[in-house]
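Hi there,

Here is the structure I promised to pass on to you. Have a look at it first, and then read on for what I found.

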Amino acid sequence: MNYKIALIPGDGIGPEIVREATKVLDKIGELHGHSFSYTEVLMGGISIDKTGVPLTEEALNTAKASDSVLLGAVGGNVGQSNWYTLPPNLRPEAGLLAIRKGLNLYANIRPAVLFDELKGACPLKDELIEGGFDFVVMRELTGGLYFGERHTTTENGIRKATDTLTYDEVEIRRIAKWAFEIARKRNKKVCSVDKANVLDSSRLWRNVVKEVAKEYEDVELSDMLVDNCAMQLVKDPKQFDVILTENMFGDILSDEASMVTGSIGMLASASLGDTKLGLYEPSHGSAPDIAGQNKANPIATILSVAMMLRYSFDLEVEADKIEAAIKSVLQKGYRTIDIMSEGKTLVGTIEMGDLIVNELV
Ligand SMILES: NC(=O)c1ccc[n+]([C@@H]2O[C@H](COP(=O)([O-])OP(=O)(O)OC[C@H]3O[C@@H](n4cnc5c(N)ncnc54)[C@H](O)[C@@H]3O)[C@@H](O)[C@H]2O)c1
Ligand SMILES: CC(C)[C@H](C(=O)O)[C@@H](O)C(=O)O
Ligand SMILES: [Mg+2]
């Protein structure tokens with residue numbers, strides 16, 4: 001079977017990590033009789049440089065016509081200009097928000113799994129990570145502050161900027177259902193994270209999640225305030241199974257979750273909606289500080305490819321194989337710089353990709 005993938009290398013380390021991920025896809029295709037065809041799509045800074053906007057309509061249509069989308073990362077410096085000076089709708093990141101919204105990918109899954117082999121790279125004490133941990137951050141992706149009305153004004157010589165945070169019950173209900181469905185296949189626990197002690201949107205969130213929970217009596221629901229959750233993630237990550245939260249809280253908590261797995265370079269991400277078409281990307285950004293140096297860890301992107309095979313194409317065996325190959329390379333002691341620890345062998349982006357490809361048989 002041929003699968004059409006819209007490929008968005010993006011900016012910074014994006015092209016480097018996507019290259020390794022497609023090597024893995026091609027090898028798994030060769031082994032299992034699938035072919036993956038790629039159509040390159042411009043998004044982010046590179047698109048601004050070439051077309052003047054972060055995502056053209058044509059690029060979005062190419063993504064819509066594909067079976068799935070694989071993204072590296074966007075952002076960082078755009079050409080010679082400083083992107084902070086661009087209006088929000090013209091910054092590289094606006095392309096990412098537009099594609100998520102344009103494809104209606106409201107459900108973002110970010111699995112935080114501590115590989116046994118990476119205990120040395122985890123900053124938490126041994127007793128906290130004994131037995132490992134495995135939870136997912138289920139982040140609402142097309143609502144909240146990111147998509148609310150925003151404007152900047154100057155009144156009486158004073159500059160003022162406004163962002164608005166809105167959720168309606170339909171948006172909350174559909175993401176809550178995703179969280180409960182996923183929890184059902186895992187350890188049957190949902191922790192809904194909000195700021196209901198202050199925000200109206202969080203109070204609605206909490207009430208709607210409770211209503212949805214009635215349809216899932218086999219799943220245990222708890223609520224947690226987001227500031228406490230930020231603390232609990234480093235105090236006792238093992239307590240979590242599915243963390244369900246809104247857009248911005250999920251952005252912040254997932255980066256925090258990545259560090260307890262050893263590095264942001266290990267955190268995969270799948271953005272899904274009501275169809276099989278998903279967008280798969282590492283959770284990290286374009287890492288301008290290490291771009292072009294063969295230093296980036298490609299594992300988050302390769303794990304995202306495994307998620308693509310599993311969720312968009314139902315290729316469970318192939319996805320398992322990729323995850324096993326990564327584990328095996330880590331077991332053999334190979335590490336990129338971000339997960340390096342004493343006695344291990346340091347490798348670059350390309351070498352890590354090759355090692356994983358070679359494990360696939
Ligand atoms: N999905 C995306 O495209 C995405 C996600 C996050 C940030 N961004 C954008 O990326 C740009 C840079 O953002 P930032 O510096 O805050 O976050 P970042 O995630 O790019 O980098 C943060 C730190 O983590 C390191 N890092 C990130 N990925 C790594 C990897 N695979 N291997 C090893 N080290 C890695 C970087 O070197 C840096 O020190 C910004 O423009 C931001 O908006 C894009
Ligand atoms: C680049 C930015 C818009 C994006 C987000 O906040 O969603 C990123 O941080 C992420 O986590 O995917
Ligand atoms: Mg983020």
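Asn 156 is exposed, as 5 other C-beta atoms lie within 10 Å of its own. For burial I use C-beta atoms placed from the backbone: a residue is buried if 20 or more others lie within 10 Å of its own, exposed if 12 or fewer, and partly exposed in between. Asn 156 sits in the loop between β6 (150-155) and β7 (158-163), and it has a positive phi of about 50° although it is not a glycine. Helices (H or I, at least four residues) and strands (E, at least two) are DSSP runs, numbered from the N terminus.

Before I go on, please note that this is a predicted model: local features need pLDDT of at least 70, side-chain atom pairs count only at pLDDT 80 or more, and totals for chains, interfaces and linings use all residues. Residues are numbered from 1 along each chain as its sequence is written, while chains are lettered from A and ligands numbered from 1 in the order in which they are written.

Asn 294 also has a positive phi, of about 55°, without being a glycine. Its place is the loop between β12 (279-282) and α10 (299-311), and with 15 C-beta neighbours inside 10 Å it counts as partly exposed.

**Domains**

The domain assignment, which is automatic or from a database, gives domain 1 (1-107 + 264-361) and domain 2 (123-260). Their C-alpha centres lie 24 Å apart. Domain 1 puts 13 residues into the contact and domain 2 puts in 16 residues, where contact means C-beta atoms, placed from the backbone, within 7 Å. On the side of domain 1 that touches domain 2, helix α4 (residues 92-102) gives the most, with three residues. By class, that side has eight nonpolar, three polar and two charged residues. Here Ala, Val, Leu, Ile, Met, Phe, Trp, Tyr, Cys and Pro count as nonpolar, Asp, Glu, Lys and Arg as charged, and the others, Gly among them, as polar.

**Ligand 1**

Which residues come nearest to ligand 1? Of the 20 residues around it, they are Gly 75, Gly 265, His 284, Gly 285 and Asn 297; a residue is near if its C-beta atom, placed from the backbone, lies within 6 Å. The shell has nine nonpolar, seven polar and four charged residues.

**Annotated sites**

An unreviewed UniProt entry has a "binding site" annotation covering Arg 100, Arg 110, Arg 139 and Asp 227. These span 128 residues in sequence and their farthest two C-alpha atoms are 26.6 Å apart, so they do not all gather at one spot. UniProt positions are in the numbering used here, feature names are shortened, and annotations may be inferred rather than shown by experiment.

Arg 139 belongs to strand β5 (residues 134-140) and is buried, with 29 other C-beta atoms within 10 Å. Beyond four places in sequence, its contacts include Arg 110 and Asp 251. Asp 227, in helix α8 (residues 226-235), is exposed, with 12 other C-beta atoms within 10 Å.

UniProt (unreviewed entry) also places a "binding site" feature at Asp 227, Asp 251 and Asp 255. Though spread over 29 residues of sequence, these cluster in space, with a largest C-alpha distance of 14.4 Å. Asp 251 is in helix α9 (residues 247-260) and is partly exposed, with 19 C-beta neighbours inside 10 Å. Asp 255 is in helix α9 too, and is partly exposed with 16 other C-beta atoms within 10 Å. Leaving aside neighbours within four places in sequence, Asp 255 is in contact with Ile 264 and Ser 283.

Best wishes

Technical notes:
Two residues are in contact if their C-beta atoms, placed from the backbone, lie within 7 Å.
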